Amino acid sequence: MLQIDMSKKLALLVLLLAMLPACAIQPEAVPAEAAPCPDASNYSELQEWLAMENRTSRLDTEQVVSELIRLGRPEGSTEVYLFGLLNQQLGTPSNWRQARNAFRQVKQDDQLTAEQRRIAAILEGYNISRLDSDKYRRDLIRDQKRLVSELRTREQEIELLQQKIQAITDLEASMSTRKEQ
């Protein structure tokens, strides 16, 4: 019988474990022509749009308004996209609606890359959520005003009832005093 000391067993085990991945079944390599090669121009257009978003997000309100005036009526998807970016920078629901509509228009342009349409869809959703949040906030403010008004009305009713109760109590006390005399 072969006797192998412990260190040789350990070395053999390490060697076998190191060779194990090489014995595993390797997946077939996908031929180069089957894997789609993304068009470099798609990425440059996408980078241009991302840079445009980055630039507009740094503008203050006066600069945004100035850019909107300079832009005028947007023509073409890139200008409509810029129009949407500029409008979403302004803090009013009407501007957010214009941004949402601009991004919706861009999202439907089949001439753009899928990535550009996805960015437009994300920004459309962002502006929709801003509009929804604003509507929710306005609804809460309206409800709060209504509840405050109802509270004041109830407080006045309570005060009036307390006055009536006091008047009745005083009347009963007065009647009780007369009966005793």
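Helices are DSSP runs of H or I, at least four residues, numbered from the N terminus. This is a predicted model, where local features need pLDDT of at least 70, side-chain atom pairs count only at pLDDT 80 or more, and totals for chains, interfaces and linings use all residues. Residues are numbered from 1 along each chain as its sequence is written, and side-chain values use heavy atoms, with hydrogens and water left out.

Start with α3, residues 61–71: Val64, Glu67, Leu68 and Leu71 are buried there. Look down the axis of α3 and these buried residues fall within an arc of 100 degrees (taken from the directions from the helix axis to the C-beta atoms), so they line one face. Just after α3, pick Gly72, which takes a positive phi of about 65 degrees.

Next, select Trp49, Tyr81 and Phe103, a cluster linked by ring pairs (ring centres within 6.5 Å; planes under 30 degrees apart are stacked, over 60 edge-to-face, the rest tilted; Trp counts by its six-membered ring). Trp49 and Tyr81 are stacked, 4.0 Å centre to centre with 15 degrees between the planes. That pair joins helix α2 to helix α4, 32 residues apart. Tyr81 and Phe103 sit edge-to-face, at 5.8 Å and 65 degrees.

Last stop: colour Phe103, buried with a relative accessible area of 0%.

How values were computed
Buried means under 20% relative accessible area, exposed over 50%, partly exposed in between (1.4 Å probe, protein chains only). Helices (H or I, at least four residues) and strands (E, at least two) are DSSP runs, numbered from the N terminus.
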